[in-house]
Every structure is written in C-alpha cells, then in structure tokens.
Amino acid sequence: MVVVSVLTALGLYLAQRNITANAERDLQQEFQTELSSLHRLQELRHAALVERCRILAEKPRIHAALEDNALDLLYPSAKDELRDLMEGGEPAPGQAASTLRARFYRFLDSTGAVLPPPNSKDVGILSKAAEAELAFNKLPDQQQIGYLPDTDSGKEILDEVTAVPIFSTETGDLISALVVGFKPFEPVTRRAGTGILSGTWVDGRLHLPSLSKPARDVLAAEIRGVPMNTDHTQNNFTVHINGAPHLLFYKRLNPNSLFPAAYEICVYPLASWIAQLHQLRWQIGGGGMALLLGGFVASHFVAGRFSKPMEQLAVDSEKNRARRKRAEAALASTSEKLKRSTRYSAGASHQLKSPVAVLRAGLESLLAREGFDSKIYEELSALLHQTHRLAGVIDDLLLLSRMDAGHLEIASEPVNLSQLIDEWLDDLSAVPDSIDVKIEKDFPIELNVAGEKRYTSLIVQNLLENARKYNRRGGRIRVSAQQNADHVLLTIGNTGCPIPREAQPHIFDRFHRGGTGSSISGHGLGLNLARDLARLHGGDIALLRSENDWTEFQVRFPVAQPAPDPAS
Amino acid sequence: MGLRGSACFNAVLSLLPISALADAVVEGRVELPKSHSAPVVVKRYEIVTQGGVLSTQPPLAVVYLEGAFPKPKSPPTKQVAQKDLAFLPPLLPIQTGTRVEFPNLDDTYHSVFSYSPAKRFDLGRYRPEERPIPSEAFDTAGLVTLRCDIHEHMRGLILVLNTPYFVMTDAEGRFRLRGLPPGQYTLKAWIDSKTTREKPVALKNGETLHVDFP
C-alpha cells in the first residue's frame, strides 16, 4: 500500500514537472513564432520602404538638383516626387497606403548634415532635436533603418526612418542621402485580450504607449539592467511590471544599422499563466489522489470478492487430498500387480526357452538319424517346424513382456530403412515355399529413420512376412516409402483376401489372428509386437485399408536427426 | 549622320551673309582627348560623363570667337530632337537669344528639363504629336545640361555662346571658321564641361590664320 502510494506520488510529481516544462517550452515557442512572424513582416515592410525610397532617390529631378548645382530646387522637386508618399496626398487606390505613408523626409548633404528644407510644412514637421538625430557623421553608403522617438502635438510617437544613399550619376560619388520617416508599424494581428504588450526599445528608451508612465519607467530601468546591446539579436528574460512577473522577448529590429540599435519588445504577463499552471498542478495532484483512493477502494472490494472462493477452495482441496491419497494407494497396488505380472511373463519366457531348445536339438538329432520310415521324417520335420514357431512365439513374448515391464530401452541411431527393406525382400524371395508374388518397390535409395536397427528390422520383417503370408498366388506386394518433415511413411500393400471389416479393429490385439484360416502359420503376436515397437520408437502402425483384394498397412517412423558433426 | 551633317551645313549657311562682308578665316586643329573607340565618321556620338565631366563621345570640340557682338535681330531657331531615347544632336552650340525646339521623335513620352544655372526650364511630359513643338529661348551664355524626367540616362548639352562665330570640329579636331570680322579677339575651344582652351588672335580681312590648340 505504502509502496503504491509512494510510486503514485512520484509518478504524479514527475508528470506534473514534465507538463510544467512542456507548458513553459510551448509558451516560449509560441512567442518565438509570433515574434519571428512579426519580424518577417517587418523585414518585408523594410524592404518595401527601402525600395520605395531608392526609386525616389533615383528621380532625375532630384539628381539634377544635386548634380547641376540647383539645391534650391531639391526640396521643391522632391515635393512633387514624394507627393503621394506624404500624408495628405491622395492614397493610391488599392494600396495599403497608411502603412507606407511617410510622415517626413529630409535630404542630407555630402557631409551627412541635414539640408535645411525651405518650408518644413511640406517635408513633415520635426522637432529640432529629432531632426538633428537624422544626421550622420559620414554619409552611409548603404540603406539604413532606424527608429526615431519624437513628440507630435504632445503625443509620443516613434518614426521608422529609412535612409537611402544617393550616388551622383555623373561622378559615381556619394553626394547625398534621402531620409524618410514612416509611421511605425502597428500590426493589426496583435492578439487583444491576452495581455501581450509590444513596444520598441531604442537607444535606452522604451516606447510602449499602452503602459502607464510609472510602470514604463520601472520596466525601462529593469531592461537597462540587462546587457541587451551585446551580440544577442534576440533573447528573453523575466521582468516585473507592477509587481507581477512578465516574460519579455526582444529582437533587434535594425541589425547592422548606423542608427541607434532598436529592439522589438514583447511582454507577456506570466500571472495568468502561472495561475493556469497552478490550477493544472492542482488538477493533476487532485486527480492523482482521487485515482489512488479509488484504486484502494476498488482493490479492497476486489480482494474481498476474491478471498471467498479462496477459502472455499482450501476446504475443497482438503477433501480432494484425502481422495487423491486413496486413489494413489489403489494405483500403487495396481502398478505392483502389473509389475508382478510382467515379471512373471519375463520369467516364464526364460523358463520356456530352454525346454524348446532342448526339444529342437532332440528333433534335429532324430532327423539326422537314418533308418526311419519316410512318414516319420515328415512328422519329425513338422514337429521341428513347430519348435521354430514356438521359439518365435517365446522370443516375441519375451520382447513384449520386457516392453510391458518398461525394461526395453531403445538405443536410437540412424537406420537406413531402404537398405533394411531390400534385405528383407531378398530374404522373402529366397523362402523355399514362396508363392509367386510380384514385388513393386517405390522408395529412395536412402531413407534414414531413428531407431534401433534390431527392432526396426523386426517391424519391417513382420509386415513384409504378413504381406507374403496373406497374399494369393500370382498376387503382388507393393512397398513404398517417402519422407515428409518429421516422419518417414512406409506403406506396404498386398493382394489377397481382405481382413473382414468386423475384425479390422482387433488386428493389433495380442493373440488375434485376423479371422484367416488356420492354413496360414502365425501366432497372433506379430502385428501387436510391431505396433508396440513402432510406438516405442515414437511412430505408429495403422491399417490404411483392406478391401477388394488389397490390404495396406502404413508405418510411421521418426526421421533420423542428421548425424552430429564428428569434428565437434 | 544626316542630321549632324545638315546641322553643320546649316551653321555654315547661316554665316554666309556675314562672310560676304568680312572674310577673315581661322583654321586649325584642336587636339582632342584620346577616344577609347576608333574614330568612325558615321558613328553616332553621345554625351558621356567621366568623373563628373560631360563631353561628347567620340570627342568633338566647339571653336568660337569670343567678343562683344550684337545679338541678331531675328535669332535662328534650332532643334534638339529626342530620338531613340537620346538627344540629337547631343551637343548643340548656339548664340544667345536662339530659340531651340525639342521635337519628340520617339513613340513615347519625354519630359525635357534642365536645372542648369544658365537655363532652368521644364517642358513637362509631351508626346510626339505635341504642337507647337515645345521650345525654349536661351538668353544666358553657359552650358545647359538637358535631362529627361522619364528616362534618367538621357543627357544633352547646349552650349550657349555670346557670339555668332562658332563651329564644331570634325572627329580629328580640324576646324575652319570663315567670315570673321577683323580685329583683336580671343579664340576659344570648348572641349568638355571642365575644359575650354583659348588663344588671342588678330584677324585681318582676306587673311587665313592658322591656330592649333595643343
């Protein structure tokens, strides 16, 4: 419980911190985006202003006045040329005229001083101090953007000033400059209601008309404390206005200008943002706590529901245990009985083998003796045959009993099944009383199965012998084998009287003989033995079909794993 | 070439009545600044500015006899046309009191004006079919720079002189000034807006004086 609580609290704390950091970053990014889009707008405007002024500065009359020693005609000529640029003139239709409207213009002489206009009403009224600020120590050879604070009928204004150089068309020398003051840029897209203030910082003075004078003075003092006039063209820092924290962004408006450095300033009140953040924090914390509490209640409820069946289970399992003990005892006695039976079977087999061997030896020696009636030889021969049969039965029984006792262990190795089949087919054809059957073979030269060769051979032998034994004269045996992913499938089919349908489910039973006549030798253990051996190897035997003169068995052998690399 | 030739021819013709009375002649050669391009007679020449100096290219000079001569009672009318966005002829020497017409031979507006101290005027915009042909009378001696308010590259020069005795040199700088009154004068050669050379001359009836401006 405590661990869960601590982990949850830690998770909440981390999530909260993460969200705060994200929010802060988002705010900054939003600001940077706004500022840079504003700046792009400014740049476009500057380019437009400069281009406008450059075209004006190239007017032949202005050049004529400057070059043909007619300075008295300079301002009158310019008055005509700049008529539509100046306030009061007819704005060109379709033009966003107000943003490109000049408030004043002046020419500078070759030393950079302001050429006094004959009538300042025509060229826009400027205070003496402001006019003096337009002068350069040396004429600039490139256009300059500057910001000039001034007062117009008691109102504080800021002019955006563009200075373009004028080169003589005759000598190529820098002879003058045209300085035009435009109304400052007031983007209408500025979002109202968010409390964002924007203004300009020029030459250590703050121009931010929307802020009250005392607040502005405090802010200006704070900005002055920050080294803005360094390499940074843009940055941000936190300031306080009326005691409330604000985020201030600034960006240089006129980089590389000979005019005093001017910065666009955006001030964003952090108070509402901090309040939002607080609220968010509380929401996260509260939500987390509610979640935790809910979790505890739910887990208690669930645990209660779970414990009831558990208790029942404990009672039941006690009963089951007693029952199982009884079953185990019964199983143990059964198993003991079974073991005894297999031990008996094994012992019996051993006890049986030696008398048969003695019997066979006796019969063979009698057969070797001469002087008996030929009928006796036949009898002896039949008896000897029976002893062979008996030995076979005993061998099979021995093997079966070992298997039943679980003593038969398979030493699995790759066995070439194809070779085994070929050997047994050879043997079959060599049997003296072999009936005339045709043998069809369809298997690759080498098919390796996993098993012990003795027993695999026994399986094949059993099936092939059956195929011969239960065949008819002039019939055929078909042996085919193929390999798939994990198994080798050996199919042995033979012609001959099919196994009766009702006998088919029992053909693998011990001592069952498929209802065939007694004319065929056999003891009913072969198929049973073969199937047990096949199963012991991880395979199986099945009767595929037995009808219409055709009986087909299929053996499934496991495929031999490739022999391990002798080097390893 | 045709216009230039006819302008020279006109200048010679206008002097004929005087030459019948006074027939002192001055001839010689003005050494002209080296031209960057080879002097080709048929080549159109134009006003160029180099280091603030206006001159014709290829270089040509105006040779004139300075002195106090009476103004003509009915001053001749001359023309400086605007053709192919250039003034033609680019340099026109005239006597004070001469009226100059500025016909527009292009298919576009021109707006000929001058802010030169010798003559300030502004003809405003006008089209080729403007009638009467805008003209100005030049009453003060001096060099007048012609400009077009629409085509800022256009430049033309009118050299207003207080004398009826003037002539333009050929491309090699050779000149011949006929029908001059006898007496002590100053012969001047205007080479560009900053360079005028001068030499004192004593002219006698029936004599041909040879003067070279080095």
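A residue counts as buried here if 20 or more other C-beta atoms lie within 10 Å of its own, as exposed if 12 or fewer do, and as partly exposed in between, with C-beta atoms placed from the backbone. The model is predicted, and local features need pLDDT of at least 70, side-chain atom pairs count only at pLDDT 80 or more, and totals for chains, interfaces and linings use all residues. Residues are numbered from 1 along each chain as its sequence is written, while chains are lettered from A and ligands numbered from 1 in the order in which they are written.

Begin with chain A as a whole, which holds 11 helices and 17 strands, where helices (H or I, at least four residues) and strands (E, at least two) are DSSP runs numbered from the N terminus. Of the 568 residues in chain A, 23% are buried.

Next, select strand S6 (residues 197-202) of chain A, in which 5 of the 6 residues are buried. S6(A) pairs in the antiparallel sense with strand S10 (residues 262-269) of chain A over 6 bridges, pairing being assigned if DSSP finds at least two bridges between two strands; display Thr200(A) to find its bridge partner in S10(A), Glu264(A). S6(A) is also joined by 3 bridges to the antiparallel strand S7 (residues 205-207) of chain A, and there Val202(A) stands opposite Arg205(A). The hairpin formed by S6(A) and S7(A) has 2 residues between the strands, and Asp203(A) in the turn has a positive phi of about 50°.

Move on to helix H9 (residues 417-430) of chain A, whose buried residues are Leu417(A), Ser418(A), Leu420(A) and Ile421(A). These residues lie on the same side of H9(A) because they cover an arc of only 155° around the axis, the arc being that of the directions from the helix axis to the C-beta atoms. Turn to the face away from this buried side, and the exposed residues Asp426(A), Asp427(A) and Ala430(A) come into view. Among the elements that cover the buried residues of H9(A) are strand S13 (448-451), helix H10 (453-469) and strand S17 (550-558) of chain A.

Note on methods:
Contact = placed C-beta atoms within 7 Å.
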